[in-house]
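The sequence and structure come first.

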Amino acid sequence: PLRSRRPQANLGERADGESEEVTWFLAEAGGRIQGAWNATLLRQFFGHACPRVREAALRSSARCGLPELPAFCRAATSRVNPAALEAIRFLGIVGSHDDLSLLQRATSNPVASTAAVDGLGRLGLPTSVPVLLELLELPELADYAAAAIERITGQQVPRGAPPEPPPGLSEDELDLWEPKPPVDLPRARDWWKANADRFDPKKRWQAGLCVSDDALGPVFDDLPLSIRYDVYLRQRVLVPGTPDWELETWTRKQKNPGG
């Protein structure tokens, strides 16, 4: 009997000799071709100078359920390589409770601090909120920490009055003046103290919704699209049998891309 032939892709042979744009396409395609992606290709594409290529390599690894991906991201977070910040952020997608301390330590490293804070938001553990509240005191990390808290809790961090414009600005400069109100740290702490009990510390939360019990169930459609994509990629790499969806296409085709 004739056997069906799967498409073959020599991704590794082409990656080094192609343009940045083509390399990105190859990295994106790798996770969508059955049997084409592996840990060797992850390392090869992640070594590319372009951040977009590195991000695509991580996404493809998740889409095809590469079992080495979580350990790869943990190793990158431990080493704090400036060229591996995408993997630190991605650890928030594929990591576990055991990775919380690893990401928290990385927030104290100037090279990785913003990526680690983003990773904490993606990880979605309520036990990281007290650490993020402390980071609100650091001007260089305050906005990142506020975004991570909002990503976990679904609640915007309280802010104070916007600052006055500096003296001497012209009318045109004043028109472009868009001051960001400073974080109101006492109110943020009071809010968390009053609401922390709403969030089970043993579960993951995104936008104030629990994504541990039935991540792709009814709660999935209530998540913002960008967060939905991260939740989906986590399921693809960690939960065998997760359906093959295409969340980057038209809404009507996302859960049935071939229909």
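How many cavities of 30 Å³ or more does the structure hold? In this predicted model, the structure holds one such cavity.

**Cavity and pocket**

The largest cavity has a volume of about 70 Å³. Its lining is made up of Val129, Leu133, Ile149, Thr153, Gln155, Gln156, Val157, Pro158, Ala188, Trp191 and Trp192. Helix H9 (129-135), helix H10 (142-153) and helix H12 (185-195) each contribute at least two residues to that lining, and H12 gives the most, with three residues. By class, the lining of the largest cavity has eight nonpolar residues, three polar and no charged.

The largest pocket has a volume of about 170 Å³. Glu55, Leu58, Arg59, Glu86, Arg89, Phe90, Ile93, Arg122, Tyr229, Asp230 and Leu233 form its lining. At least two lining residues come from each of helix H4 (51-63), helix H6 (85-94) and helix H13 (225-238). H6 has the largest share of the pocket lining, four residues. Here the lining divides into five nonpolar residues, no polar and six charged.

The table sets out the two spaces side by side.

| Space | Volume | Lining by class | Largest contributor |
|---|---|---|---|
| Largest pocket | about 170 Å³ | five nonpolar, no polar, six charged | H6, four residues |

**Helix H13**

H13 is one of the helices that line the largest pocket. At 1.5 Å a residue, its 14 residues should span 20 Å, and the C-alpha atoms at its ends are 20 Å apart, which agrees. Eleven of the 14 residues of H13 are buried, so the helix is largely enclosed by the rest of the structure. These buried residues are Ile227, Arg228, Tyr229, Asp230, Val231, Tyr232, Leu233, Arg234, Gln235, Arg236 and Val237. Among them, Tyr229, Asp230 and Leu233 also belong to the lining of the largest pocket. The buried residues of H13 pack against H4, helix H5 (69-79), H6, helix H8 (113-123), H10 and strand S1 (205-206).

**Arg151**

Is Arg151 buried or exposed? Arg151, found in helix H10, has a relative accessible area of 15% and is therefore buried, since that value is under 20%. Leaving aside neighbours within four places in sequence, Arg151 is in contact with Gly121, Arg122, Trp205, Gln206, Ala207, Gly208, Ile227 and Asp230. Two of these partners, Arg122 and Asp230, are also in the lining of the largest pocket.

In soluble globular proteins, nonpolar side chains tend to be buried together. The largest nonpolar core in this model has 73 residues, and those with the most contacts inside it are Leu42, Leu58, Leu69, Phe90, Leu132 and Leu136. H6 supplies the largest share of this core, seven residues. Leu58 and Phe90 are found in the lining of the largest pocket as well. Apart from neighbours within four places in sequence, Leu136 is in contact with Ala142, Ala145, Ala146, Ile149, Val157, Val183, Leu185 and Ala188. Of these, Ile149, Val157 and Ala188 line the largest cavity.

**The chain overall**

The chain has 13 helices and two strands. Its C-alpha trace spans about 75 × 45 × 40 Å along the principal axes. Of its 259 residues, 46% count as buried. Among contacts between residues at least 6 apart in sequence, 58% join residues at least 24 apart.

Methods. Residues are numbered from 1 along each chain as its sequence is written. This is a predicted model: local features need pLDDT of at least 70, side-chain atom pairs count only at pLDDT 80 or more; totals for chains, interfaces and linings use all residues. Side-chain values use heavy atoms; hydrogens and water are left out. On a 1 Å grid over the protein atoms alone, a cavity is a set of points where a 1.4 Å probe fits but cannot get out, and a pocket is an open set with protein on both sides within 12 Å along at least five of seven lines; lining residues have an atom within 4 Å of a point. Grid points are joined across faces, edges and corners, and a volume is the space filled by probe spheres set on the points. Ala, Val, Leu, Ile, Met, Phe, Trp, Tyr, Cys and Pro count as nonpolar, Asp, Glu, Lys and Arg as charged, and the others, Gly among them, as polar. The expected span of a helix is 1.5 Å times one less than its number of residues. Buried means under 20% relative accessible area, exposed over 50%, partly exposed in between (1.4 Å probe, protein chains only). Contact means heavy atoms within 4.5 Å. A nonpolar core is a set of buried Ala, Val, Leu, Ile, Met, Phe, Trp, Tyr and Cys residues joined through side-chain atoms within 4.5 Å.
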